[in-house]
Amino acid sequence: MSNSSTISFIGAGNMASAIIGGMLDNGYQAGNIWVSAPDDSHLQALRDRFGVSVTTDNRHCAQQADTVVLAVKPQVMAEVCRDIAPVVQNTRPLMVSIAAGLGSDTLDSWLGGGLPLVRVMPNTPSLVGKGAAGLFANAAVTAEQKTMVQSVFESIGSALWVDDEEQLHGVTALSGSGPAYFFLMLEALEAAATEAGIAPKTARELAIQTMAGAAEMAARSEHDPAQLKRNVMSPGGTTERAINTFEDGGMRDLVQKAYNAAFERSQEMSKELADKQ
Ligand SMILES: NC(=O)C1=CN([C@@H]2O[C@H](COP(=O)(O)OP(=O)(O)OC[C@H]3O[C@@H](n4cnc5c(N)ncnc54)[C@H](OP(=O)(O)O)[C@@H]3O)[C@@H](O)[C@H]2O)C=CC1
Ligand SMILES: O=C(O)[C@@H]1CCC=N1
């Protein structure tokens, strides 16, 4: 993103902080960032930490910007959008929403219509610069604006575009919810190792390092995950026995079911939120 353009965040929570932190680490000027939220103490904390400008007035915040990031919970989005609509209809910034399950048409109608809008599905590892985000742009977004948004989300991890907005449900079920799937695996592995007598602290550290190491190897290797898995499985050895236990227990089927459940819930939420307003 060009260092001279101004970006405003409506909402000052976890995801807004993660994105702002990534932008600043990548040379973006704090003086060109505005943030608004109702709780002044949260805003002051953000100002002290990042040196950004803050306000409790969403309209004032939106007014400042070439790009407005909507970073509030989906349940308050309608109220927030309708409130800033007169401002953004006048200034016509690029709108970016990170809210789960809110379609671009719904958002655009709450904002008064006809604005360039990018929807992003980020995830919480953005907080440590290891995010994975899916992005979708509506027809009014220019190539230059797409490049700008992509560079913001690449500052906190990977950022990949989808052509069809419906695919964001698939992204939500994969990388949006995904960190929780791996945390579940960590919990279960730690519990099993502790049960076998390893000290909990040691079990946690070994489990986390193993997950991080496997992820790094998968990212760097020319082999696919199936081959990397086979490389660990000595014939007649321990891994083969464990992997066979996972396969016999229906692990693949369970993962497919869990993924489908998240996907379908994302579709449902989208409809519920659009219908409710
Ligand atoms: N957490 C996750 O795993 C993911 C979250 N998302 C999406 O990111 C968005 C933000 O989530 P997250 O950062 O986790 O949420 P948080 O609860 O951490 O932050 C929400 C922020 O919105 C502010 N807020 C509430 N009401 C208003 C209002 N009327 N006007 C302006 N600001 C308001 C809150 O203010 P205050 O500080 O005053 O309380 C808070 O700063 C959500 O839409 C969510 O769907 C997307 C992908 C993953
Ligand atoms: O669980 C949720 O609904 C949100 C969307 C992706 C991560 N958290």
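The following exercises, with worked solutions, concern a predicted model.

**Exercise 1. Determine whether the end-to-end distance of helix α4 agrees with its number of residues.**

Solution. Helix α4 covers residues 74–91, which is 18 residues.

**Exercise 2. Locate the bend in α4 and state which residue follows the helix.**

Solution. The bend, of about 55 degrees, is at A85. Within four residues after that position comes a proline, P86. After α4 comes R92, which has a positive phi, near 50 degrees.

**Exercise 3. Identify buried residues of α4 and the elements that cover them.**

Solution. First, recall that an α-helix has 3.6 residues a turn, so residues three or four places apart point the same way. Next, list the buried positions: M77, V80, C81, I84, V87 and V88. Finally, consider their cover, which includes the strands β1 (7–10), β4 (67–70) and β5 (94–97), together with the helices α3 (58–63) and α5 (104–110).

**Exercise 4. Describe the two faces of β1 and its pairing with β2.**

Solution. In a regular strand the side chains alternate between the two faces of the sheet. On one side of β1 are I7 and F9, and on the other are S8 and I10. All four of these residues are buried, and both faces are covered. Strand β2 (residues 33–36) pairs with β1 in the parallel sense over four bridges. Within β2, W34 is the bridge partner of S8.

**Exercise 5. Classify the residues surrounding ligand 2.**

Solution. The surrounding residues are A100, T172, G176 and S177. By class, one is nonpolar, three are polar and none is charged.

Conventions
Residues numbered from 1 in each chain as written. Chains lettered and ligands numbered in written order. Predicted model: local features only at pLDDT ≥ 70, side-chain atom pairs only at ≥ 80, totals over all residues. Expected span 1.5 Å × (residues − 1). Bend = angle between axes of the 7 residues up to and from the residue. Buried ≥ 20, exposed ≤ 12 C-beta atoms within 10 Å, placed from the backbone. Contact = placed C-beta atoms within 7 Å. Near = placed C-beta within 6 Å. Nonpolar A, V, L, I, M, F, W, Y, C, P; charged D, E, K, R; others polar. Pairing = 2+ DSSP bridges.
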